[in-house]
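Let's take a friendly walk through this structure. Have the sequence and the 3D view open side by side as you read.

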Amino acid sequence: MNEEEKKMGLLTFKGGIHPNDGKSLAKDKAIVEVLPEGDLVFPLSQHIGAPAAPIVKVGDQVLKGQKIAEAGGFVSAPVYSSVSGKVKAIAPYFTPTGGKVSSIIVENDGAYTEAERLSTRPLEMLSKEEILNLIAEAGIVGMGGAGFPTRVKLSPKEPEKIEYVIANCAECEPYITADYRRMMENPEDLVEGMRVILKLFDNAKGIFAVEDNIEKLEKLTSGEPRMEVAKLMTKYPQGGERQLIYAVTKRAINSSMLPADVGCVVDNVETIIHIYDAVVNGRPCIDRVVTVSGDGIMNPGNFKVPLGMNQQELVNVAGGFQGTPEKIVSGGPMMGFAMFTLDVPVTKTSSSILCMTKDEVAKYEPSACINCGRCIEACPSRLIPSRLADYAERHDEAAFEKEFGVECMECGSCSYVCPAKRQLKQAISSMRKTVLANRKKK
């Protein structure tokens with residue numbers, strides 16, 4: 001932390017970067033609820049772990065909020081229809097990450113006839129196990145990108161050792177403003193979601209780790225002895241789990257550890273709001289807020305979208321393209337996925353669709369490393385990215401492991417600051433996948 005940060009009293013971590021955030025395009029746009037017109041596609045793998053198993057067949061009539069696929073194991077999550085209609089097909093379909101996944105396709109009847117909600121009771125009457133079961137039954141996963149089933153995350157081996165439940169309110173990826181709008185428009189739901197989680201951990205304090213919109217949360221938590229707001233320095237990747245935990249608690253974890261190993265649980269804003277909605281209101285996970293932005297979008301904004309809605313249809317709701325975009329990204333520009341088609345569904349982990357009129361990265365011509373050390377200064381994992389990239393390019397797996405290459409969090413900060421425009425992150429990421437795959441084989 002530099003002297004300026006210390007004076008401001010803001011929490012942060014070593015390294016990181018300050019890219020142009022692009023958030024002004026959508027930051028002040030209130031959330032708009034949208035209804036789909038075309039077919040809805042529900043991938044059976046919208047989470048880490050085993051795919052969900054269909055419990056409907058082609059030709060079945062389904063209701064909005066009806067379970068259509070059940071969890072395929074403990075590390076899995078069920079899937080619910082976000083519309084009423086008829087099951088048209090169960091077949092492979094492209095997802096935002098580019099792969100094909102077995103999916104349930106529902107023909108929307110436009111009526112949105114609702115199924116009965118999940119059976120719940122007042123929070124004070126629910127046991128810990130009942131809360132966890134409701135979270136699992138609702139199909140909630142980490143909605144910030146990873147998609148880890150939330151029930152599993154909230155079931156550590158020693159819950160009594162959890163000291164901090166951290167709400168990740170640091171929306172550090174450029175352009176994305178979905179969580180910010182949630183905090184502006186639904187802060188009460190966020191606080192009540194934290195209250196639900198704290199009921200699972202008797203010795204924990206709830207921390208809202210925030211870069212912006214501090215006032216509303218401070219007001220709502222002012223009389224809460226188990227909740228407080230932590231003010232963060234605005235920096236990328238402040239929202240990374242390791243960086244967030246270190247900034248708030250000064251406890252460090254590595255790639256072989258879980259947050260629970262240092263007494264922490266971390267969930268993002270959208271996930272926590274869905275926990276509240278499931279446990280208190282009995283609503284399964286059938287929608288989410290998505291930012292549609294970039295200079296290639298006519299009317300950037302934030303939209304509450306039924307899961308399964310076609311992303312091209314969502315872009316059309318935002319006014320369509322402005323010009324001809326050269327690059328379309330699912331998620332943020334730093335860690336998201338470039339897409340070759342918008343004919344993919346909105347999934348539980350779809351935080352944003354970004355459309356850029358120019359693909360600036362593709363125009364860069366990499367040159368030789370000039371040994372400036374900027375990548376080392378920027379790396380939040382305190383690695384030497386230039387050296388790791390060299391090992392990766394030479395396929396020197398042993399040297400890569402010796403220099404802790406698997407500790408890379410693939411945030412892309414090194415590539416961003418490199419004056420030689422070397423694709424450091426891509427090289428390291430490729431080798432990291434190889435190392436982890438070979439470890440599994442052993």
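## About the model

This is a predicted model, in which local features need pLDDT of at least 70 and side-chain atom pairs count only at pLDDT 80 or more, while totals for chains, interfaces and linings use all residues. Residues are numbered from 1 along each chain as its sequence is written, and side-chain values use heavy atoms, with hydrogens and water left out.

## Helices H12 and H15

Start with helix H12 (residues 385-393) and helix H15 (residues 424-441), which pack at an angle of about 55° with their axes 8 Å apart. That makes H12 oblique to H15. (Oblique covers what is left once angles under 35 degrees are called roughly parallel, over 145 roughly antiparallel and 65 to 115 roughly perpendicular; helices are DSSP runs of H or I with at least four residues, numbered from the N terminus; axes are lines fitted to C-alpha atoms over the stretch in contact, with angles from 0 to 180 degrees between N-to-C directions.)

Which residues meet here? From H12 come Pro385, Ser386, Leu388, Ala389, Tyr391, Ala392 and Glu393, and from H15 come Leu424, Ala427, Ile428 and Met431. The residues of this contact (heavy atoms within 4.5 Å) divide into 9 nonpolar, 1 polar and 1 charged.

## Around H12

Pro385, Ser386, Leu388, Ala389, Tyr391 and Ala392 of H12 are buried, where buried means under 20% relative accessible area, exposed over 50% and partly exposed in between, with a 1.4 Å probe and protein chains only. Their cover includes helix H11 (374-378), helix H13 (397-402), helix H14 (413-417) and H15. Just after H12, look for His395, which takes a positive phi of about 55°.

## The cysteines

How many disulfides does the structure hold? There are 0, taking a disulfide as a pair of cysteine sulfur atoms within 2.5 Å. Cys372 is in no disulfide, and the nearest cysteine sulfur, that of Cys418, is 6.4 Å away, too far for a bond.

Is Cys418 buried or exposed? Cys418 is buried, with a relative accessible area of 9%, whereas Cys372 is partly exposed at 36%.

## Tyr276

Tyr276 lies in helix H8 (residues 269-281) and counts as buried at 15% relative accessibility. Leaving aside neighbours within four places in sequence, Tyr276 is in contact with Asp189, Glu192, Gly193 and Asn281. Tyr276 and Leu190 are 86 residues apart in sequence, and 7.5 Å apart in space from C-alpha to C-alpha.

Definitions and conventions:
Helices (H or I, at least four residues) and strands (E, at least two) are DSSP runs, numbered from the N terminus. Ala, Val, Leu, Ile, Met, Phe, Trp, Tyr, Cys and Pro count as nonpolar, Asp, Glu, Lys and Arg as charged, and the others, Gly among them, as polar.
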